[in-house]
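The following paragraphs go through a single protein and its ligand. Please keep the sequence and the coordinates open while reading.

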Amino acid sequence: MQTTPLLKTKELSLQFGGLKALQNVSMEVPAGEFRGLIGPNGAGKTTLINCISGAIQASSGSIVFDDVEIGTMAPHLISGLGMSRSFQHVQIFGDRSVRDNILIGMHRQIKQNLIGQLLGLPGSRAAEHEAGLRAEALLKRFDLHDVANRPAKLLPYGVLKRLDLARSLAAKPKLLLLDEPTSGMSEEEALSAISMLKDIARQEGMTLLVIEHNMRIMMDLADQISVLHLGQIIAEGTPEEVTQNPVAIEAYLGEEEVDA
Ligand SMILES: Nc1ncnc2c1ncn2[C@@H]1O[C@H](COP(=O)(O)OP(=O)(O)O)[C@@H](O)[C@H]1O
Ligand SMILES: [Mg+2]
């Protein structure tokens, strides 16, 4: 068993001008855990994910992923270590087919494959074949098979979000960061997408860090939840613990009806 956490942030802080978006955020996520991240709008949730994925650099503190300090590393290098992410607003290639978007999500393997081809390595054919099989499996699992050859831009928003989720899973990341993966989906679409996500992530031993506003989904998905408020972690625990924590209720959960 791995004793060091897969992801560890230590006293991460980030300021935008005078605004303290993150203040000494320390969190540890063990391998295989599904961690939820909640908090009111503007709490710093997206900013935290942006720091972890390397999209922006924190002003101070450290981020260790799989025993590597990644706090100052470029996003493509971090993703090469086995981290994927989705965005609050989907980022897909609209002119490319649904299938291509998933294949692009495997760029890590495909890049290796291209290098393999250049070097004439026999393994590259096998890698290409494997990437193709995984793409087909994901298309099926996420119910995208019928639209696989269509340009992604023709899909309705809920289906695009599903594609974005499939794309982010494509490279078999160790850690997957999801920023509101179900926003814009109907409740039914959301529940089904999250159930597919759970199946694949558990099966493959993935670790998740998920921002999600729907508490019903969060209660069902998360092993542990961290609550962020004004850039600080104010509560942490199991979904049951967090929903009973007065500090978390005051800062966030009291705002909306928690029908869990
Ligand atoms: N690039 C930026 N420049 C300036 N302020 C920003 C930037 N990104 C986020 N912020 C501010 O940082 C705070 C945290 O934002 P964000 O991480 O997007 O919150 P959340 O995802 O929890 O809703 C907000 O007050 C937001 O306005
Ligand atoms: Mg956000």
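Across which strands does helix α1 lie, and at about what angle does it run to β7? Helix α1 (residues 45-53) lies across β3, β6, β7 (175-179), β8 and β9 (224-229), and runs at about 150° to β7. Axes here are lines fitted to C-alpha atoms, for helices over the stretch in contact, and angles run from 0 to 180 degrees between N-to-C directions. Two residues are in contact if their C-beta atoms, placed from the backbone, lie within 7 Å.

This is a predicted model, in which local features need pLDDT of at least 70 and side-chain atom pairs count only at pLDDT 80 or more, while totals for chains, interfaces and linings use all residues. Residues are numbered from 1 along each chain as its sequence is written, and chains are lettered from A and ligands numbered from 1 in the order in which they are written.

The protein has 10 helices and 10 strands. Helices (H or I, at least four residues) and strands (E, at least two) are DSSP runs, numbered from the N terminus. Buried residues make up 40% of the 260 residues; a residue is buried if 20 or more other C-beta atoms lie within 10 Å of its own, exposed if 12 or fewer, and partly exposed in between, with C-beta atoms placed from the backbone. Among contacts between residues at least 6 apart in sequence, 66% join residues at least 24 apart.

One open sheet has six strands in the order β6-β7-β8-β3-β9-β10, with mixed pairing. Its edge strands, β6 (83-85) and β10 (232-237), each pair on one side only, and the twist from one strand to the next averages 15°. Strands pair if DSSP finds at least two bridges between them. Within this sheet, β3 (residues 34-38) and β8 (residues 207-211) are parallel and share four bridges, with Phe34 opposite Leu208 in β8.

A second open sheet, of four strands, has the order β2-β1-β4-β5 and antiparallel pairing. At its edges β2 and β5 (68-69) each have a single partner strand, so one side of each is left without a neighbour in the sheet. Five bridges connect β1 (residues 7-16) with β4 (residues 60-65), and Ser13 stands opposite Ser60 in β4. Helix α1 also lies across β1, β2 and β4, at about 65° to β2.

Which element gives the largest share of the shell around ligand 1? It is α1, with three residues; β2 (19-29) and α1 are the elements that give two or more. The shell consists of Phe16, Leu19, Ala21, Gly39, Asn41, Gly42, Ala43, Gly44, Lys45, Thr46 and Thr47, each with its C-beta atom, placed from the backbone, within 6 Å of the ligand. These residues divide into four nonpolar, six polar and one charged. Ala, Val, Leu, Ile, Met, Phe, Trp, Tyr, Cys and Pro count as nonpolar, Asp, Glu, Lys and Arg as charged, and the others, Gly among them, as polar.

Two further helices pack together. The axes of α6 (residues 157-169) and α7 (residues 187-203) come within 11 Å and cross at roughly 10°. Gly158, Arg162, Leu165 and Leu169 in α6 meet Glu189, Ala193, Leu197 and Ile200 in α7. This contact has five nonpolar, one polar and two charged residues.

Helix α3 (residues 98-105) is mostly covered, with six of its eight residues buried, among them Arg99 and Asn101.
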